[in-house]
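Here's a quick briefing to read with the structure open beside you. Have a look at the chain below, then work through the notes topic by topic.

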Amino acid sequence: MVIYSASSYVLLGVANLIIMSACMDYCDTIESCHGHDDTMSDRQHYIHAFNFNKSVEKHLHDLDHFKLSCKKLLEAFPLDQVDGIFVRSVKNCIFSESDPTPLKGPLRLVAVSKEVIEGMLDLDVAVSQSEDFLQYFSGGKLFPGSSPLTHRYGGHQFGYWAGQLGDGRAHLLGEYTSRKGERWELQLKGSGKTPYSRSGDGRAVVRSSVREFLCSEAMHFLGVPTSRAASLIVSEEAVWRDQFYNGKVKKERGAVVLRLATSWFRIGSLEVLAKAEELDLLRKLLDFVIQEHFPSIDSNDPGKYLIFYSRVVNETAHLIAQWMSIGFAHGVCNTDNFSLLSITIDYGPFGFMEAYNPNFVPNTSDEEERYSIGAQANVGLFNLEKLLEALTPVLTIEQRQGAGLILKGYPHIYQMRFHKLFKAKLDLLGEDEEEDEYLIAFLLKLMEDTGADFTMTFRQLSEASMQQLHNMSNLQVMWALQNLASHKMYPEWVSMYLHRLKRQGGDSDEDRQHRMKRINPRYVLRNWMAESAIRKAEGNDFSEVKLLQRTLAQPYLTQDAAEEAGYAAQPPWWAQGLNVSCSS
């Protein structure tokens, strides 16, 4: 099944390009299963980076009293019966026990998320200055109650079954339950070899760790479901990498990111069990995920696996539509990188699209352009097909048929969500659906033809008055709109757009600008910005990492330091040839 053609409207998914099915009742059912707030401006984390509840109890200052537990997972599943961290084929388990390997050499904390440390882990951020913090959060010392685990999973990589994969350089330290009752699984990335390391060394390097830390936090403040990053610690340990797989191996430094998620289970977690025909364990894992993370599903319902599947289909469509609304390309949309909880995980060769191009590919390792930004919706469909294949052994014949209909509803859900997000980006109020679809598609076509910058085109549409939009001679400083206005069809589009806005009535142009600026970011983590910070970091200057962290925590607010750094300006000339690979 293919959702979209390779036309200029790949990102849009307008009705006449989408495969519509005879399963609208299923689609409506799925939509109602798990409610969504489509009013993006209402999300509280858009307002301020560190807006904490002042009534919370004092934060913990002593890490020796910070409690983690793997008890729930250890009681739920059988463990790998083979001891040791040597690479092997693992059977009949979900996890292997495996301790992190401490980083060598002096350690240095170079980035920390105050919001995560204090708001999610109940720690005083001052503890980050301690030696204990360096040891606990780099894998050199284990928290009380921690029994580190590494997860066995498989996956389809670039369209082909890759067999057993698993946590090759990540260790699950345990689950923390916050004072708010929220549960977070803490995981170290870059913490050493595991039974799943294959030919790898279990380490992560500074450049990839900087990117993961910054992007996971940036995505959160953009309102996208994501894993979080608590800290970034670097060492002097030598790690050898062939960054672009061209035979040029160079020495880099090892680093560890402490990251959090409500769960790290992914589509590949189920696939590996189905492929191995470990069906009892497949049911156990499904029951566990449903009970822990989908509490509205009755665990005694004989149709619970079908309901679970409908939720994942629905939420995956919503997640990818959100990616598209901010111009985010994941880069490696393999099934082992797709969360069962539909959060963004495993930041590798991602990229935020600059010049609008549906064929934008951030990953130089993706020679076939399988994971271009315009293909992400179709890749989501492929991954959901593989999830259905994994579920098939535990579904009845009738449930398999129902699951097939649910899957056919995915394009409709995606298209509806995409349309709502882009309507909000242009502040198109009301229900003029057909006209709005055309208006959005028309704009994207102009952007593609002119190579207009994705982020700044929408942002500058938010900042310009209606009079300025009509009279482009007053937009000298709005470089993205100037580019867009060079298209011969721009006057026709802007006339349609202004006419649509005027019909809404009810408030002022300033109100429109205010709403749009709360939805369209001024700053995203462009690859050149990350690269600039990484080049300095490799010389032990982490000042730009910290500047980017502060900037991206308030992406909708114009900030003097960010403006001075050129984060909203045209990308520098040297950024045109930047490449990012899977190597990390």
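This is a predicted model: local features need pLDDT of at least 70, side-chain atom pairs count only at pLDDT 80 or more; totals for chains, interfaces and linings use all residues.

The protein chain has 20 helices and 12 strands, and buried residues make up 59% of its 584 residues.

**The chain as a whole**

- The accessible surface of the protein chain is about 22900 Å², and carbon and sulfur atoms account for 50% of that area.
- If you take the contacts between residues at least 6 apart in sequence, 73% of them join residues at least 24 apart.

**Cysteines**

- How many disulfides does a search of the whole structure find? The search comes back with 0.
- Cys-93 comes out at 1% relative accessibility, so it counts as buried.
- Cys-333 is buried as well, because its relative accessible area is 0%.

- Strand 6 covers residues 170–177, and strand 7 covers residues 183–189.
- The two strands run antiparallel, with 7 bridges joining them.
- Together they form a hairpin that has 5 residues between the strands.
- Gly-181 sits in that turn and has a positive phi of about 90°.
- Is strand 6 mostly covered or mostly open? Strand 6 is mostly covered, with 7 of its 8 residues buried.
- As background, side chains in a regular strand alternate between the two faces of the sheet.

- Thr-335 is in the loop between strand 11 (328–329) and strand 12 (351–352).
- With a relative accessible area of 0%, Thr-335 is under the 20% cut-off and is therefore buried.
- Which side chain makes a polar contact of 2.6 Å with the side chain of Thr-335? That partner is Glu-271.
- Glu-271 also turns up among the residues that Thr-335 touches, once residues up to four places away in sequence are left out.

- Asp-346 isn't a glycine, but its phi is positive, at about 60°.
- You'll find Asp-346 in the loop between strand 11 and strand 12.
- Why does Asp-346 count as buried? Its relative accessible area is 12%, and the cut-off for buried is under 20%, so Asp-346 qualifies.
- Asp-427 is a residue other than glycine with a positive phi, near 60°.
- The loop that holds Asp-427 runs between helix 11 (410–425) and helix 12 (433–450).
- Asp-427 has a relative accessible area of 5%, so it is buried.

**Ser-299 in a helix-to-helix loop**

- Ser-299 lies in the loop between helix 7 (279–293) and helix 8 (304–325).
- Is Ser-299 buried or partly exposed? At 40% relative accessibility it counts as partly exposed, because that value falls between the 20% and 50% cut-offs.
- Ser-299 and Asp-287 are 12 residues apart along the chain, and their C-alpha atoms are separated by 7.2 Å.

How values were computed:
Residues are numbered from 1 along each chain as its sequence is written. Side-chain values use heavy atoms; hydrogens and water are left out. A disulfide is a pair of cysteine sulfur atoms within 2.5 Å. Buried means under 20% relative accessible area, exposed over 50%, partly exposed in between (1.4 Å probe, protein chains only). Helices (H or I, at least four residues) and strands (E, at least two) are DSSP runs, numbered from the N terminus. Two strands pair if DSSP finds at least two bridges between them. A polar contact is a pair of N or O atoms within 3.5 Å; within protein, one must be able to donate a hydrogen and the other to accept it, and residues adjacent in sequence count only if both atoms are side-chain atoms. Contact means heavy atoms within 4.5 Å. Accessible areas come from the Shrake-Rupley method with a 1.4 Å probe; for residues, only the protein chains shown count as cover.
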